[in-house]
Amino acid sequence: MTTSTDPSEGTFKLSMLIYDTRYRSITIQIVALIGFLSFFGWLAANTISNLSDLGKEPSFRFLGEQAGYDVNQRLIDYSSQSTHLRAAFVGLLNTLLVAVLGCVTATVIGVFVGVMRLSKNWMIAKLMAVYVETFRNVPVLMWIVLFMAALIESLPAPNKFRGADPEATMKVFDSVAITNRGVYIPEPLFSRSLGDISVGSAFDISLDLIAILAVLFAGLWGARKLRQRADAIQESTGVRPVTWWARLAVVFVPIILLLVALGFHLGYPALKGFNFQGGTYMRNSLIALWLALSLYTAAFIAEIVRAGILAVSQGQSEAAAALGLRGNRIMSLVILPQAMRVIIPPLISQYLNLTKNSSLAIAVGYMDLTGTLMGITLNQTGRELETVLLGMLIYLAISLSISAVMNWYNNRMKLVER
Amino acid sequence: MKKSVFFGALTVAGVAAGAAAAGTLDDVKARGTLNCGVTTGLVGFAAPDANGEWEGFDVAFCRAVAAAVLGDPKAVEFVPTTGKTRFTALASGEVDLLARNTTWTFSRDVDLKFDFIGVNYYDGQGFMIPKSLGVSSAKELDGATVCIQTGTTTELNLADFFRKNNISYEPVPIETNAEGQAQYLAGACDAYTTDASGLAATRASFENPADHVVLPEIVSKEPLGPLVRHGDNEWGDVVRWTLNALIAAEEMGVTSANIGDLSASAGDNPEVNRLLGTEGSLGEMLGLSADWAKSAIMAGGNYGEVFEKNIGENTPIGLSRGLNAQWTDGGLLYSPPFR
């Protein structure tokens, strides 16, 4: 015979929510949640009612109105008659451009410096330590402003290139002009261009670019197939056929043929009027921001990489050395793949930091999302709350996308335990 | 920047209702100081001198209002604002009055919910270029790189001007006047554009002002005036009539030199008497003391004196009165009557 000491189901009393330990923690959590939500509800309601009192009901209609201002760097068509929404989009693309450029450069420099800091060469290791410590211990805004000032003050103005005996000349076979307004590099041009297709009448995408990318991917796919075939032959016969020339040809020949067919040539910058015309123009605001963000974030990435490498047990490199691998192959085949598992999670936050730090662009007049939507648009329309909330949402979306991609990559690299 | 704007926006939400209801005049009197929004530094209009004392054309107006309300021209807390932060500062109640060469436009008056209380300087947007460029008209600036202060009407005027003349340009947005100056002097932009008065003030601070010229084209109307929050009419009246008092004083020949005699006892000119409080009760109607206008004029002199001292032809800035002369001298300054 058993006696039950549990209270019977039917005798639930309201006071048990507080006095019964089974329910108490849930009660507290629900009360806290309600309090938390009502606090924010009160803030929001208060904001909206006060704005209404000022006659400024929250409204996003301004996005459809004509912007009226010009933006110097635009990756899509934009003029002063375009809407504020399009101006925001121009800014968003500029943000993404500098973020992508910055992340790639920071990773390359960071990995290089991180590995070099572990070098047995005292000089190299100390130089890298000095780099890391100087860059990561000074606010990134200072670096951005410093780079900008250095570009403006130290490089020649475009009119220095003028005259029979100019003070400044173009570099690299007269094809690159480095001025204090930015760098002009040759641009690819197609004399028999395929033209553009417009997507939803909002964006034009160059068909040339699509064609080149398509041919390039087809070539890479073909090269991969050839390699797999070579692997299969090696498996079955033990002799590996020589395919390197066929794999090179399958990638490069179609691309070269396509470029010839499109009439590919380079457009060189030339001094005309006040500025250089032609070529691709990289403004010094972009260069300063890109360099500063990359070098600053690279210092952090270097430390992450160093930590990752040190986390791989010494026995791994000794074992690899015992197998007869050389130093650089030990690093690339044994150490780095294992170190990646330690490196990737903190690397994600560095990418996010870099992207968010790009909002300091306004310090050098780079027209990113903060400059257009949360800068000029905010000022011309007076819609502080709407523009800032919209801007925050967009940054949130960018950051979450980066996290998602990097988490996917992290899961792929993770140690598969059996 | 993002942060300050956001907190500004939140502050708008939190403070504005209270500020609007309480009455700025009472707030200022209770606080004992006037919070006045000025530029972050534009020589002649508002800039701290070597001793850290703010001085300039806009600053003098702030001091006149402080003198009228509190009887002390020194009772001013100057709040430096950029083109981008100024409206948030005013809307949130951080400043009681914005005297920051701000252009009076329809959308600022109506949509941004501010009250421009008058015009203290009639200006227009111009271009400054180095003389060595050999350009004599703004229409020759096709393809030029132009530095502009972002968050101003100049940005929109510039886009309109180049569009109208069908010429291209490359805008370089900058945040403050000092930054623009640095870029312009280094040759990173061919031309610098802002209000003609601002150009003159900027040029005056150059090492070799003579190497730079302001082009003759004035591409816009820029009536610059002090502004207050919409909806507080008592405070708006105080600021409006302080400006009118300075203008009227010049018209009636009341200067800081003779104001002592004129205000000692009622004289022959009834309007001067009413202005200086020796007759009538204009000060009381405003909720101020009877000698409010006297204090305002004593703070820095009448409009003409303030102009000559800060930006006039004998200063390094060297602006002529032009449109800013009294209507009796062919200018646009015209104060409504004091009665």
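Domain bounds here come from an automatic or database domain assignment. The model itself is predicted.

The structure holds 6 cavities of 30 Å³ or more. The largest cavity has a volume of about 290 Å³. It is lined by 25 residues, and R100(B), N101(B), Q149(B), T152(B) and T194(B) are the closest to its centre. Where does this cavity lie relative to domain 1 and domain 2 of chain B? Domain 1 (23-119 + 224-327) and domain 2 (123-220) both give residues to the lining, so the largest cavity lies between them. Two or more lining residues come from each of β5 (97-103), α6 (153-164), β11, α8 and β13 of chain B. β5(B) gives the largest share, 4 residues. By class, the lining has 17 polar, 6 charged and 2 nonpolar residues.

Helix α8 of chain B spans residues 196-204. Of its 9 residues, 7 are buried, so the helix is largely enclosed by the rest of the structure. The buried residues are A196(B), S197(B), G198(B), L199(B), A200(B), A201(B) and T202(B). They pack against β7 (121-123), β8 (125-130), α7 (177-185), β11 (191-195), β12 (212-214) and β13 (222-229) of chain B.

The second largest cavity holds about 90 Å³ of space. Its lining has 14 residues, with R181(A), R283(A), N284(A), S285(A) and V172(B) nearest the centre. β9 and α8 of chain A each supply at least two lining residues, as does β10 (169-174) of chain B. This lining divides into 5 nonpolar, 6 polar and 3 charged residues.

Next comes the open space. The largest pocket has a volume of about 1300 Å³. Of its 32 lining residues, R74(A), L75(A), E187(A), S206(A) and T280(A) are the closest to the centre. In chain A, α3 (84-117), β3 (187-190), β5 (203-206), α6 (207-237), β9 (280-283) and α8 (284-311) each supply at least two residues of the lining. The lining comprises 18 nonpolar, 6 polar and 8 charged residues.

Chain A has its own domain assignment: domain 1 (19-52) and domain 2 (57-131 + 295-417). Their C-alpha centres lie 36 Å apart.

Finally, take T381(A), in helix α11 (residues 369-381) of chain A. Is T381(A) buried or exposed? Its relative accessibility is 7%, and buried means under 20%, so T381(A) counts as buried. A polar atom of its side chain lies 2.7 Å from the backbone oxygen of T377(A). Leaving aside neighbours within four places in sequence, T381(A) is in contact with F62(A), H84(A), D111(B) and L112(B).

Note on methods: Residues numbered from 1 in each chain as written. Chains lettered and ligands numbered in written order. Predicted model: local features only at pLDDT ≥ 70, side-chain atom pairs only at ≥ 80, totals over all residues. Heavy atoms only, no water. 1 Å grid on protein atoms, 1.4 Å probe; cavity = no way out; pocket = protein on both sides within 12 Å on 5 of 7 lines; lining within 4 Å. Points joined across faces, edges and corners; volume = space filled by probe spheres on them. Nonpolar A, V, L, I, M, F, W, Y, C, P; charged D, E, K, R; others polar. Buried < 20%, exposed > 50% of the residue type's maximum accessible area, 1.4 Å probe, protein only. Contact = heavy atoms within 4.5 Å. Polar contact = N/O pair within 3.5 Å; in protein donor to acceptor, adjacent residues only side chain to side chain.
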